[in-house]
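Here is a short briefing on one structure. Keep the sequence and the 3D view side by side as you read.

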Amino acid sequence: MGQHARFRRLSATAVGKHAVLIALSFLAVFPFYWMIVTSFKPETDIFGSSLLPAHWTFQNYVQAWTAIPMSRMMANSLLTAAAQTVMQLLTSILAAYAFTRWQFRGSNLIFTLIALTWLVPFQVIMIPNYVVISGWGLRDTLMGLIIPNIASAFAVMQLYAAFKSFPKALIEAAHLDGASDWAVLWKMIFPNLRASIASIAVLLFITGWNDYFWPLLVTTKLEHSTLQIGLQMFMSSDSNLWGPLMAATTVASLPILVIYLLLQRQIIESFVKGGLR
Amino acid sequence: MTRKTGWTAALLTLTMIATAACDKTAAETNGEAAGAGGDASETGTATSAASASSSGDKITIKLYSYNLATVGQKEGTQQLIDEFEAAHPNIHVEGIPVASTDINAKVQADIAAGSPPDVAQLVFDGLDYAVNNFGAKPLEDIVPADELAKNFEGFSPNGLKLGQLNGKTYGLPFTFSTPVLFYNAKLFKDAGLNPDQGPATWAELKQDGLQIKEKTKAAGFHITGAVGADWIVQSLIGSNGGQVLSDDRKTLRFGEPEAVGAIQMWQDLVQSGAHDKLNDTEAFEAFTQGKTAMVLTSSAVQNMLLGAAKAGGWELKASAMPSFDGKPTAPVNSGSALFILSGDKAKQQAAWEFLKFATSERGYTIITSKIGYLPLRPAIVDDPQYLKDWVEANPLVKPNLEQLSRLQPWVSYPGPSWYQIETTLLEAVQKSIASAGDITPIMQDAQNRAQALMP
């Protein structure tokens, strides 16, 4: 009987926990659902509260596609975000390895300086960055979008934490066997920390993908800009074109969704390991 | 080896820090130069223009426009540019879309980089900043007096004041509205009110709002503009005989009795239940769904509201902004003006040609009928060559046109903290209309805090 009571108590806790989780996931998923449903609603139903469109329409997608150079902007966004992610990972993996592998004079100071740059808001550095990029003649180019973002303090800090958890003894053993630092980094540490790196990559990609202000400064033509600038075209200070805006936003969130699905296993693994906060 | 790598990293970091510091210095220097009258940018553009004019006769002017950055207004604005280019084959207007909320930041960055746009469409509340920090050029310095006078024949005298500061004309009014009272004629009828006439005074509006709430269960009324920009707040304060800023532009006055009285009226509407308790976006949604009877807002939303009314089976009507008993209203404009920022003479002339066209009879015809704003040449409204047919087909624009005779300029606050002053006022208004007690301390406190931000 005692066992029975405990079982009942346990299941009550489990039910409670699940109820909370279901409520939380509903909160997370519902706006996403509402965006998609709204994108299929005709203009007259946009402000209606029905959970499904009374009449399904693709008009919003057609309008979104014709109003802005969607495919071109999407390609720009993909290229920029992907290039930034790859470069940021590369620079921060090298930096994180250096910080974990060697304790040199001033290494703490340098690490602190890098960490401090993370606290500097973009608004403070945007004009100096813009002046440099303009001076290099990179305005209105993809290079101009990418170059100021090839290093990320956030990624260095996260990867440093992950690299530190890697057993030092293993690295030293590899060195005794004659392995170079390059080999240790790419053949030993990298494959073992793939989960953490993948989850950081997703976060970096999302940051790059969502960037609005830098593309706004650097580009002048819509064809040279990113999708986030395109989304703004459906909004004005007076009113928003909700239907096409939701259609364009749905399209804009697809790549993130795809990447998340592709890297889902690694991300969950990394969360389970507690490597990411 | 460890040591060597360490030194390399340290050197790299130092270089990065040094570069960042240099960048900052460069930006500051440029910023100062631009602030001091745009000397640095003038030299930059003069060189580029000289090379452009020597390579060919065609002059290109770079135009930043937020109407180009809005899907619903892009086409009309592009038509304006296209027609101008067709009439002026030697001038090319490179239209660059920038959202209205970001346009000042982009201009600022471009000035720092030494390449400001030649013409920028800037919101009126930034007029003082555009003049003193962006180096906007007064038309009086660019255009001979007789040509300027000739061009302004037929121009609304009130309208011309909108872009003036210290007696000089810096901006030509481009796209703007005045506060219009849109109402749902069906709800008026259902509540037993006259659907052909909106309330003329705030007292009447309060009564109508309460009657509508009681008889139809719809909400009575909503004033937009307690968030974002303060042109409607300025309209209310001005209509009650108040001011936000003294005439000598030195003292803020929105904590004084007339201004407080205007906001008290708004608070009373909310407290009595005649005004809803929604935010602007929610109120718009409610209005489009036929759940709110009246809304005071910009005419720019008119087409959207017409579509919603048609879909929802109710009739949209419009009337002028209600008045405080016995006092004439002082409608303040929203929107933007075109400013010439170029320091190059040839580009300034080309820009002037564009400004002239945009504010010509034909220009305002496009602006009114295709983009959704107001003409500042009153005569074209009755001219069959321009807007006569359009106004007859779109009678809702009439109250807005009538208000032009009482139009007051949207006051821009001086100094680099102008936007914070505007925000301080708006936050005080939000707090006031949501509170139940005496709002005088709230408004006075805001005035004192904002006064400290004045130059």
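**Chain A at a glance**

In chain A, 35% of the 277 residues are buried. Keep in mind that this is a predicted model.

**Fold and dimensions of chain A**

- Chain A contains 14 helices and zero strands.
- The C-alpha trace of chain A spans about 80 × 70 × 30 Å along its principal axes.
- The radius of gyration of chain A is 24 Å, whereas a compact globule of 277 residues would have one near 19 Å.
- Take the contacts in chain A between residues at least 6 apart in sequence: 75% of them join residues at least 24 apart.

**Confidence in chain A**

- The average pLDDT of chain A is 88, and 93% of the residues score at least 70.
- Where in chain A is confidence lowest, and where is it highest?
- Helix α14 (residues 264-273) of chain A is lowest, with a mean of 73. Helix α6 (residues 142-146) of chain A is highest, at 95.
- Where pLDDT is low, the predicted coordinates should not be read in detail.

**Nonpolar cores**

- The largest nonpolar core has 155 residues. Which of them touch the most other members? They are Val119(B), Phe339(B) and Phe354(B).
- Helix α15 (residues 345-358) of chain B gives the most to this core: seven residues.
- A second, separate core has 30 residues, including Ala95(A), Ala155(A), Ile171(A) and Ile267(A).
- Leaving out residues up to four places away in sequence, Phe339(B) touches Val119(B), Ala120(B), Leu122(B), Ala130(B), Ala136(B), Tyr170(B) and Gly171(B).

**Two paired strands in chain B**

- Strand β1 (residues 59-65) of chain B and β2(B) run parallel, joined by seven bridges.
- Within this pair, Tyr64(B) stands opposite Ile96(B) in β2(B).
- Is strand β2 (residues 91-97) of chain B mostly covered or mostly open? Mostly covered: five of its seven residues are buried.
- In a regular strand, side chains alternate between the two faces of the sheet.

Methods. Residues numbered from 1 in each chain as written. Chains lettered and ligands numbered in written order. Core = buried A, V, L, I, M, F, W, Y, C linked by C-beta atoms within 7 Å. Buried ≥ 20, exposed ≤ 12 C-beta atoms within 10 Å, placed from the backbone. Helix = DSSP H or I, 4+ residues; strand = E, 2+ residues; numbered from the N terminus. Contact = placed C-beta atoms within 7 Å. Pairing = 2+ DSSP bridges. Rg over C-alpha atoms; globule rule 2.2 N^0.38 Å. pLDDT = per-residue confidence, 0-100.
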